[in-house]
Amino acid sequence: MTLHLIPDYDLSKHTWLGVGGKADFFAEVESEADLISFLKNSQCPITILGAGSNVLIRDGGIAGVVLKLGKSLQNITIEGDKIIAGAGTKLMDIAGKAANAGLTGFEFMEGIPGTLGGGLASNAGAFGGKLSDLLQEISFIDFQGNKKIISDFSDWGYRSSPWAKKGIFWGAVLRAKGQEDTDKIRFLMNEYHTKRVATQPQGVRTAGSTFKNPPNTSAGFLLEKSGLKGYKKGKAEMSAKHANFLVNNGATATELEDFVEEVRAIVAEREGVKLEWEVQCLGRR
Ligand SMILES: Cc1cc2nc3c(=O)[nH]c(=O)nc-3n(C[C@H](O)[C@H](O)[C@H](O)COP(=O)(O)OP(=O)(O)OC[C@H]3O[C@@H](n4cnc5c(N)ncnc54)[C@H](O)[C@@H]3O)c2cc1C
């Protein structure tokens, strides 16, 4: 078997912001052997897409091949205090399974709508927790088709992973921080959920936090101080509920990207801080 490549594939339906042009080619990956064989025999640029909850895909689409992990990469096995999961698994499913098994440390994943693979690319985190705190081992396939096991996480930082953009996260072994009563774990997850509902826009097209938090402050605070909470231009908006959440009310990718760049320039001018994008902008304008 090899990958089934679909030409001119509309990517907007795969992203939370609901924008983006077409991939030259798109394929779902189900088997490691197919992926490795494809990578070893292809010269095309490769982009990997998870749940599309942290990307702004540009209107000109993406050159080369866009890969998405298929159903066979959505799996969770629990062995003692370890969770072994395929990279296509939703972080929230991992949190749920961990809670049922009485394993702590995964609660922060509640409310993060991405996959494990996407989470590994940004070292996703919330409420003081982050993926690298739990990682024991990652299986990774570089863009040349070489498989590696990653077991050193000392240089993983806040929303940064040294392996991002170098290949494909295939799966990971995560180790719980400890054992706890399932009800207590669920209670904490509910608290996190309640906090999100109270502070973040719901039921809108967004990609979560637009900018990373600079050292010792938060992007939301700086945006609010710059008068940008609820700031709108056309169909693009910085949420009135959480200033760091970009909301798409029907804008194009170009309009969204230009709007965010304008907002960035305003914060730089008013607060002297150059905010760094947390959302990944991919593709051609
Ligand atoms: C409402 C909302 C709330 C959010 N809250 C949080 C939060 O609290 N904390 C947080 O950290 N994030 C948060 N996010 C952002 C997002 O959910 C996370 O960054 C998530 O981990 C992205 O996963 P994804 O599968 O959607 O990745 P995508 O958005 O599809 O991709 C993101 C990046 O990861 C790469 N990638 C995806 N899969 C793989 C793979 N298998 N191998 C290699 N690279 C890959 C892509 O190429 C891209 O560069 C939020 C987003 C939304 C919409």
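Predicted model: local features only at pLDDT ≥ 70, side-chain atom pairs only at ≥ 80, totals over all residues.
Figure 1. By the rule applied to ring pairs, the count comes to 8 aromatic pairs. One of them joins Tyr9 to Phe26: the ring centres are 3.9 Å apart and the planes stand at 5°, so this pair is stacked, given that planes under 30 degrees apart count as stacked. The two partners come from distant parts of the chain, 17 residues apart, with Tyr9 in strand β1 (residues 6-10) and Phe26 in strand β2 (residues 22-29). Both Tyr9 and Phe26 are buried.

**Figure 2. A cluster of aromatic rings.** Phe140, Phe153, Trp156, Trp163 and Phe169 are linked into a cluster by ring pairs.

**Figure 3. Helix α6 and its surroundings.** After α6 comes Gly272, whose phi is positive, near 70°.

**Figure 4. The crossing of helices α2 and α4.** The axes of helix α2 (residues 91-100) and helix α4 (residues 182-199) come within 8 Å and cross at roughly 150°. That angle makes α2 roughly antiparallel to α4, because angles over 145 degrees are counted in that way. Where the two helices meet, α2 contributes Ala95, Gly96, Ala99 and Asn100, while α4 contributes Thr182, Ile185, Arg186 and Met189.

Figure 5. Most residues other than glycine have a negative phi. Asn123, although it is not a glycine, has a positive phi of about 50°, and this residue is placed in the loop between α3 (116-122) and β9 (125-126). Asn123 has a relative accessibility of 0% and therefore counts as buried. Arg159 is likewise not a glycine and has a positive phi of about 50°; Arg159 belongs to the loop between β12 (147-150) and β13 (167-175). With a relative accessible area of 16%, Arg159 is buried, since the cut-off for a buried residue is under 20%.

Methods: Residues numbered from 1 in each chain as written. Heavy atoms only, no water. Helix = DSSP H or I, 4+ residues; strand = E, 2+ residues; numbered from the N terminus. Phe/Tyr/Trp six-rings, centres within 6.5 Å; stacked < 30°, edge-to-face > 60°. Buried < 20%, exposed > 50% of the residue type's maximum accessible area, 1.4 Å probe, protein only. Axes fitted to C-alpha atoms, helices over the stretch in contact; angles between N-to-C directions. Parallel < 35°, antiparallel > 145°, perpendicular 65-115°, else oblique. Contact = heavy atoms within 4.5 Å.
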